[in-house]
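Let's take a walk through a protein model together. Have a look at the picture first, then read on.

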Amino acid sequence: MALSRFLQLHNSYYHGTSSSSFPKTAANLALSSLIPHFSPSLPSFSRSCTASGVPAAQLASDHHHHQHLTSPELVALEYADLNLSYKLVPAQAPDWNQVFGDPTLPLTVDIGCGSGRLLLWLAKQNPDVRNYLGLEIRQKLVKRAEVWAKDLSLNNIHFLFANATISFKQLVTSYPGPLMFVSILCPDPHFKKRHHKRRVLQKPLVDAIIDTLMPDGQVLIQSDVLEVALDMRNQFDEVEALKHMDAVNPTLLCDSEGWLLSNPMGIRTEREIHAELEGSRIYRRMYLKQI
Ligand SMILES: C[S@@+](CC[C@H](N)C(=O)[O-])C[C@H]1O[C@@H](n2cnc3c(N)ncnc32)[C@H](O)[C@@H]1O
């Protein structure tokens, strides 16, 4: 994908604006916050040496051959020798007695919880009846959410730095209480087809959710990107053990395409607020596990 198209997708997803209406410098700044080492003009190539040990001059001359590459590809190329696994090791389950006041309460897990504010709000509303676990791959967000949980003196919430795709099952099966609710709300889109494997919801995670969910447990999925919502929907619609909620709860209305008309959580996620402010629609489905 050409860089301009990448910027366009990035800006329309994260800022609700196209690259043509978004100042280039601001777009570049936004992109560098997404990809820390990205520099559209590649100034690091002119410095003495590169991370891979390839002389900068060589990379600079290679630059001409790399112009067709996207910025994430260029970053991968420069940092290839770091061989980062991006948290490919499943997270260790904590001592649940240490992290929750009562680790036998029904558990809600938010996969890709971002800032964690949604869970903090829910945990505050439901003390002593539910526990809340946020799984997030960005460690800084996890640390900040834990500080907030402590500030609020909540003993029914915990945040874990974990790649949910590979950690969910191990974590949830070690939890002493039942798994009552799982949410995957506005997951990262990873637009390019060859990056779909980076999407958080993969078949093993779907299987793990179905295996560990209690009878009558629920799954909520949502996205402001139709393609991503459809990808998740297709994976859950085909699970025999799940029924869509509108079949059992007539107050949960769907449009003609089967998307829920309203948010059943009582609060919007941060991404949801941004998306709706930008005029985007949220596509959501909510499932109930039958025995
Ligand atoms: C677009 S944000 C949405 C955050 C929040 N759910 C919301 O709706 O505001 C997606 C979040 O999922 C996290 N994420 C992506 N892949 C993940 C993974 N494999 N495991 C855990 N979190 C992940 C990202 O770091 C990011 O914070």
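In what sense do strand E1 (residues 107-111) and E4 pair, and over how many bridges? They run parallel, with 5 bridges joining them; two strands count as paired if DSSP finds at least two bridges between them. Helices (H or I, at least four residues) and strands (E, at least two) are DSSP runs, numbered from the N terminus.

Before going further, note that this is a predicted model: local features need pLDDT of at least 70, side-chain atom pairs count only at pLDDT 80 or more, and totals for chains, interfaces and linings use all residues. Residues are numbered from 1 along each chain as its sequence is written.

Now for the whole sheet. It's an open one of 7 strands, ordered E3-E2-E1-E4-E5-E7-E6, with mixed pairing. Strand E3 and strand E6 sit at the edges with a single partner strand each, so one side of each has no neighbour in the sheet.

| Edge strand | Residues |
|---|---|
| E3 | 157-161 |
| E6 | 242-244 |

Next, helix H9 (residues 203-212). Leu205, Ala208, Ile209 and Thr212 are buried there (20 or more other C-beta atoms within 10 Å of their own, with C-beta atoms placed from the backbone). Seen down the axis of H9, these buried residues fall within an arc of 100 degrees (taken from the directions from the helix axis to the C-beta atoms), so they line one face of the helix. The face turned away carries Lys203 and Asp211, which are exposed (12 or fewer such atoms).
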